[in-house]
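Here is a short briefing on a ligand site and the pockets of one protein. Please look over the structure first.

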Amino acid sequence: LFTHIDHVGIAVADLDAAIAFYQDVYGMELAHRETNEEQGVEEAMMAVGDSTSCIQLLAPLSEESTIAKFIAKNGVGIQQMAYRVEDVDAVCATLKERGVRLLYPEPKRGTAGSRINFVHPKDAGGVLVELVEPAPAH
Ligand code: CMX
């Protein structure tokens with residue numbers, strides 16, 4: 001079903017400070033940065049070498065943000081595990097057949113124009129799993 005680990009998402013309070021930490025301490029490069037209003041986040045993708053996998057730093061845009069809620073309950077730290085897929089609609093259909101809840105009836109817009117959905121953590125051993133179909137390369 002899954003082709004790669006796309007990213008591991010980490011909830012942070014201060015995005016600029018977190019980017020600086022990953023650059024200065026781990027030598028990672030900032031691959032991409034954007035604001036996703038619908039998801040309530042400002043995010044930065046930090047490249048893990050040449051692996052094509054990233055660490056996604058997620059800062060809340062408001063107190064109502066999923067990430068603000070997560071930090072209030074758990075503190076900062078790992079919030080999600082994201083797998084890359086070729087066809088998110090097909091993978092969602094298969095996972096539904098296998099008995100897990102998807103959060104959205106249809107995929108939403110994720111990082112850099114990707115199409116995303118999530119498996120509910122309560123159906124997946126306490127892990128929020130994101131499915132990422134990257135935007136087609138131009
Ligand atoms: N990982 C594991 N468990 C989680 C979790 C997470 N990230 N977030 C919530 N939970 C658990 C809670 O601990 C809680 O468990 P208990 O009932 O045992 O206490 C349960 O799920 C319900 O949690 P909640 O705090 O009431 O949170 P909500 O139900 O309001 O929201 C969820 C949970 C998964 C539906 C919500 O976080 C969500 O919609 N996530 C998907 C979107 C998202 O994460 N967007 C930000 C990132 C954007 C991006 O990646 O681009």
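The lining of the largest pocket has 14 nonpolar, eleven polar and five charged residues. The model is predicted. The ligand takes up the space of this largest pocket.

**Largest pocket**
- The largest pocket holds about 830 Å³ of space.
- It is lined by 30 residues; Thr 66, Phe 70, Gln 79, Pro 121 and Leu 128 are the closest to its centre.
- Two or more lining residues come from each of strand S3 (41-47), strand S4 (54-60), H2, S5 and strand S7 (115-119).
- H2 gives the largest share of this lining, six residues.

**Ligand shell**
- The ligand is surrounded by 17 residues, with Gln 39, Lys 69, Lys 73, Gln 79 and Lys 122 the closest.
- Helix H2 (66-74) and strand S5 (77-84) each supply at least two shell residues.
- H2 provides the largest share of the shell, four residues.
- Six shell residues are nonpolar, six are polar and five are charged.

**Polar contacts and burial**
- A side-chain N or O atom of Lys 69 lies 2.6 Å from a ligand oxygen.
- A polar backbone atom of Gln 79 lies 2.8 Å from a ligand nitrogen.
- A side-chain N or O atom of Glu 130 lies 3.0 Å from a ligand oxygen.
- The ligand exposes 970 Å² when taken alone, and the protein buries 70% of that.

**Second largest pocket**
- The second largest pocket has a volume of about 290 Å³.
- Its lining counts 15 residues, and Asp 6, Met 45, Cys 54, Arg 84 and Thr 111 lie nearest its centre.
- Strand S1 (4-11), strand S2 (29-36) and strand S8 (129-133) each give two or more residues to this lining.
- Seven of its lining residues are nonpolar, five polar and three charged.

Technical notes. Residues are numbered from 1 along each chain as its sequence is written. This is a predicted model: local features need pLDDT of at least 70, side-chain atom pairs count only at pLDDT 80 or more; totals for chains, interfaces and linings use all residues. Side-chain values use heavy atoms; hydrogens and water are left out. A residue is near a molecule or strand if one of its heavy atoms lies within 4 Å of it. A polar contact is a pair of N or O atoms within 3.5 Å; within protein, one must be able to donate a hydrogen and the other to accept it, and residues adjacent in sequence count only if both atoms are side-chain atoms. Accessible areas come from the Shrake-Rupley method with a 1.4 Å probe; for residues, only the protein chains shown count as cover. On a 1 Å grid over the protein atoms alone, a cavity is a set of points where a 1.4 Å probe fits but cannot get out, and a pocket is an open set with protein on both sides within 12 Å along at least five of seven lines; lining residues have an atom within 4 Å of a point. A molecule sits in a cavity or pocket if more than half of its atoms lie within 2 Å of its grid points. Ala, Val, Leu, Ile, Met, Phe, Trp, Tyr, Cys and Pro count as nonpolar, Asp, Glu, Lys and Arg as charged, and the others, Gly among them, as polar. Grid points are joined across faces, edges and corners, and a volume is the space filled by probe spheres set on the points.
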